[in-house]
Amino acid sequence: MAGDRGFRVIRLPPYHCIFNPIELIWSQMKNNIRRNNTAPKFSSATIDIIREEASKITAEMWANCVRHSTKEEDQYRARLITPLIINLEESNDDDSDYFDQ
């Protein structure tokens, strides 16, 4: 359905919440709800606080979380990928360096 509407679904690695911006937003929301909630769990007052906190999420917050996740991805990728340099100018047909004799 997403593809039919011009969207591309991106799969995120499980258990890597730092790569998922919505997890950062959700974390901020939960912290604010805990700090401001004095009502019993799942009461109408709690639902109102959840709605209020959700309404405070701005495009700028989303952009910051996406930027942070992208930066984390780049740092993670840089640690995993080492450059491979092959010198094509030198030619050595002797493969003995690569195999045990």
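**A first look**

Tutor: Of the protein's 101 residues, 12% count as buried, where buried means under 20% relative accessible area, exposed over 50% and partly exposed in between (1.4 Å probe, protein chains only). This is a predicted model: local features need pLDDT of at least 70, side-chain atom pairs count only at pLDDT 80 or more, and totals for chains, interfaces and linings use all residues. Residues are numbered from 1 along each chain as its sequence is written, and side-chain values use heavy atoms, with hydrogens and water left out.

Student: What pattern does the protein follow along the sequence?
Tutor: Helices (H or I, at least four residues) and strands (E, at least two) are DSSP runs, numbered from the N terminus. The protein has three helices and zero strands. Read along the sequence, that gives α-α-α.

Student: Which kind of aromatic pair do Phe19 and Tyr76 form?
Tutor: Rings of Phe, Tyr and Trp (its six-membered ring) pair if their centres lie within 6.5 Å; planes under 30 degrees apart are stacked, over 60 edge-to-face and the rest tilted. A search of the whole structure finds one pair. Phe19 and Tyr76 sit 5.3 Å centre to centre with 65° between the planes, so the pair is edge-to-face.

Student: Is Phe19 buried or exposed?
Tutor: Phe19 is in the segment before helix H1 (21–36), 57 residues apart from Tyr76 in helix H3. Tyr76 has 33% relative accessibility and counts as partly exposed. Phe19 has 6%, so Phe19 counts as buried.
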